[in-house]
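Please open the model in your viewer and keep a selection tool at hand. The stops below are meant to be taken in order.

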Amino acid sequence: MDIQGQNIVIIGGTSGIGLATAVAAQKAGANVWSASRSMDKVSLCQTNHPEIQFSQVDTHDPEGLKSLFQSAGRINHIVGAATGADRTMLPFMEQTDEQFREAFNKFWGYTNVVRQGVPFLVDDGSITLISGTPARKCNPGMSSVSCTGNAVEGLIRALATELAPRRVNGVAPGIIDTAMFDRFGDKKAAALENIGKGILLGRVGAAEEVAAGIMLAISNPYMTGVVLDVDGGALLP
Ligand SMILES: NC(=O)c1ccc[n+]([C@@H]2O[C@H](COP(=O)([O-])OP(=O)(O)OC[C@H]3O[C@@H](n4cnc5c(N)ncnc54)[C@H](OP(=O)(O)O)[C@@H]3O)[C@@H](O)[C@H]2O)c1
């Protein structure tokens, strides 16, 4: 499918995977609306990428999402790439119920994106949501991330059946070098290099590599209900 001239809305599109997708889609000739919560990120992105329309929205604000979708008008593709929640990386038995439940706000954010976006989506349009490797390969301490990812992947399959002929797919990134790892501070590069050594391809991934997977999900007209793994082989033993 040629996406030239098509309208694409990306929620969580001011950083990392979402921003890389916005840039890739714009380069492929699409009209791109890209949004997130932080006005600082929106302004910086708008300066760096004037050809993309950036705006402020929170996945937990249905009215804000609705007006963003309305402003884009007839939408061909929706991408949900927002983090949308804090995640607590602790063994399940060491987490509070509140901490565990908080991770699911990513999922509830995606349900808002779908509910508000579908009325504006064309019949041959697509939705792509981002899950993650922990959905299917969970290390100790990642139960909340794993369960949230599984919920997202379940939603993808359920919606693919209900929303057809509109297509619904997912992309599951492995460890990708984005702002998600800024918590390592000035040790980030060394930490990611070290993590990369344990991955089949010997390195962590780049946001642009995941964006390429999202572009495939958007543009292949015979692909629905699929979760595409872009993880350097992380699911293999
Ligand atoms: N990087 C990885 O290794 C990895 C692995 C597996 C899965 N993922 C998933 O990939 C997706 C993208 O993550 P990333 O690595 O690209 O992280 P990132 O660089 O931190 O980007 C996250 C984006 O989501 C936006 N965002 C967060 N909460 C939001 C909300 N409630 N409403 C609207 N926008 C929101 C952020 O902007 P604001 O702060 O301005 O809202 C930002 O634009 C996430 O769903 C993440 O869980 C990432």
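Helices (H or I, at least four residues) and strands (E, at least two) are DSSP runs, numbered from the N terminus, and the expected span of a helix is 1.5 Å times one less than its number of residues. The model is predicted, so that local features need pLDDT of at least 70, side-chain atom pairs count only at pLDDT 80 or more, and totals for chains, interfaces and linings use all residues. Residues are numbered from 1 along each chain as its sequence is written, and side-chain values use heavy atoms, with hydrogens and water left out.

Select helix 1 (residues 16–27), whose 12 residues reach 17 Å from the first C-alpha to the last, close to the 16 Å expected at 1.5 Å a residue. Nine of the 12 residues of helix 1 are buried (under 20% relative accessible area with a 1.4 Å probe, protein chains only), including Ile17, Leu19 and Val23. Just after helix 1, Gly29 takes a positive phi of about 95 degrees.

Next, select Val9, Ile11, Phe69, Ile127, Leu129 and Ile214, which have the most contacts inside the largest nonpolar core, a set of 57 residues; such a core consists of buried Ala, Val, Leu, Ile, Met, Phe, Trp, Tyr and Cys residues joined through side-chain atoms within 4.5 Å. Now centre on Leu129: leaving aside residues up to four places away in sequence, Leu129 touches, among others, Tyr110, Val114, Val152 and Ile156, where contact means heavy atoms within 4.5 Å.

Notes: Buried < 20%, exposed > 50% of the residue type's maximum accessible area, 1.4 Å probe, protein only.
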